[in-house]
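Hello,

Here is the structure I promised to pass on to you. Please have a look at it first, and then read on for my notes.

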Amino acid sequence: FQAEDGIRDLVRSRGLGDVYKRQPPVFEYDEDKTSTAALLNTLLWVVLLGTGLFAGVVPVITQQPMLDLVAGVVIELSLVTVSLLVLMRLGYVRASGIGLGIMLWLAFTLPAFSFAGMHDTAITGYFFLIIVSGIVAGGNALLAFTLLCALTVSALFLAETMGWIVPTPPYPSAADDLFLMLLMIVASGMVLRYELRRFARLYARARSSTHALAESNRELASSQSVLQAQTERLARRTRYQEASATIVRDTASIMDMQSMLDRVAALTVERFGFDHVAFFLLSPDRAWAVLQAVSSRTGKEPPLPLGGRVRTDEVGVVGTVVTQGRYIVIDDVNTALRWADSPRFSDSRSQIALPLRARGNAFGVLDIQSAQVGAFREEDVDILLSLSDQIALTISNIRLLQQLEESSTSERRVRGELG
């Protein structure tokens, strides 16, 4: 036989060493095999202990030594039972169940042929044999042992009729005895076969329903997770859009450049929940990016003092953004070695830098940093780009207004000198 329904190295047993612990083996990933092994383990131990009890009690009660045939059967039963226990723990559960059936058939049949024939009480054990074989070895084994028991009873009847065996005490068997015995055996086998098939169908249906329910629960949990993620993403986007609109609205009326930048930096930290926000504006010769405003939620010291400068021709986040006019997102500044020399707050872990553009030319950088890795998602970029464009437009308007005021002041001064 081969080990069926599973991988042998998944058996929690150590063979013969575990037999004496009387604990049934456990087969991972095979609940049916484990439950069958538990029942088979109990039956084998009942047979083993019952055989020992029989060998010890019967001679005491009868005050006679045990017959050689009976003693031989007892010894053989004990040895075979131990062998079946070991076989079961090695993973051969079905084979061990068939072996138990054969052993019980021999134990019930030999006394019948040796003593009282069909009237021997050992024959009544056939009913137990049929039931046990069906449970521990399956429906096919049940049919096989039912047929075997029926043939054995027929052989007993034929042997008595032909005079091949003489029952002790001698009383002949009638045809109705044979009919009744065959009827009981066949009826027991058929009823148990029907019940086993019915229970197997019910179990398979229940198992299928359980699997379908588990699959539905997994799909439902997955759908809920997706829905929750989408809801959180929508809520985040809505919150950021509202924050962006609030910043633009609250700073639209501020005409002083420094006041406006300070206010935008503070509101960006407050409304978006970012840790650090800074504004860099290009010098007139575009060689330097000058730190104009900064705000920190954690109160950390900025990497540059106000008015500090960063060269635009150096490899760095600020210089790259203003020279190329595109945004840069860094999910983890500790692994982005290319941007290692860029000015950052000491606790920053992620960063996004966005260009401030007017008529297609970048003239500054909105630099936002967070203490969390991967703080800036893909859907955040569009909103922050829109915010940077609005701030750039406000800066351009303030600069234009300042230029108009300076022109008006110069014109009045010239008129005063001429007049």
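One term before the notes start: a residue counts as buried when its relative accessible area is under 20%. Please also keep in mind that this is a predicted model.

By that cut-off, Val317, Val318, Gly319, Thr320, Val321 and Val322 of helix 9 are buried. Helix 9 spans residues 317–324, and six of its eight residues are buried, so the helix is mostly covered. What do these buried residues pack against? Their partners are strand 1, strand 2, strand 3, strand 4 (328–330), strand 5 (350–358) and strand 6 (361–370).

For the overall picture, the protein chain has 10 helices and six strands. It is 419 residues long, and 40% of them count as buried. If you take the contacts between residues at least 6 apart in sequence, 61% of them join residues at least 24 apart.

The crossing of helix 5 past helix 6 is right-handed. On the helix 5 side, the contact uses Tyr126, Leu129, Ile130, Ser133, Gly134 and Ala137. They meet Gly139, Ala141, Leu142, Phe145, Thr146, Cys149, Thr152 and Val153 of helix 6. Sorted by class, the residues in this contact are nine nonpolar and five polar, with no charged ones.

Next, the salt bridges. How many are there in the model? The count is nine, and I can describe a few of them for you.

One is between Asp275 and Arg297, whose side chains come to 2.3 Å, N to O. This pair links distant parts of the chain, with the partners 22 residues apart: Asp275 sits in the loop between helix 8 (257–272) and strand 1 (276–282), and Arg297 in the loop between strand 2 and strand 3. Are the two partners buried or exposed? Asp275 is buried, at a relative accessible area of 4%, whereas Arg297 is exposed, at 51%.

Another joins Arg218 to Glu215, with 2.5 Å between the closest N and O atoms. Both lie in helix 7 (residues 175–251), three residues apart, which means that about one helical turn separates them. Glu215 is partly exposed, with a relative accessible area of 34%.

Arg377 bridges to Glu379, and there the closest N and O atoms are 4.0 Å apart. Through shared partners, salt bridges join Arg233, Arg377 and Glu379 into one network. Arg377 itself is partly exposed, at 39% relative accessibility.

Arg377 also turns up as a neighbour of Arg236. Arg236 belongs to helix 7 and is buried, with a relative accessible area of 12%. Leaving out residues up to four places away in sequence, Arg236 touches Ala375, Arg377 and Asp380.

Finally, a glycine. Gly307 is in the loop between strand 2 (288–296) and strand 3 (309–311), and it is partly exposed, at 42% relative accessible area. Beyond residues up to four places away in sequence, Gly307 touches Val290 and Leu291. From Gly307 to Leu281 it is 26 residues in sequence and 9.9 Å in space, C-alpha to C-alpha.

Enjoy looking around!

Best wishes

Methods. Residues are numbered from 1 along each chain as its sequence is written. This is a predicted model: local features need pLDDT of at least 70, side-chain atom pairs count only at pLDDT 80 or more; totals for chains, interfaces and linings use all residues. Side-chain values use heavy atoms; hydrogens and water are left out. A crossing is left-handed if the near helix is turned anticlockwise from the far one by less than a right angle, and right-handed if clockwise. Helices (H or I, at least four residues) and strands (E, at least two) are DSSP runs, numbered from the N terminus. Contact means heavy atoms within 4.5 Å. Ala, Val, Leu, Ile, Met, Phe, Trp, Tyr, Cys and Pro count as nonpolar, Asp, Glu, Lys and Arg as charged, and the others, Gly among them, as polar. Buried means under 20% relative accessible area, exposed over 50%, partly exposed in between (1.4 Å probe, protein chains only).
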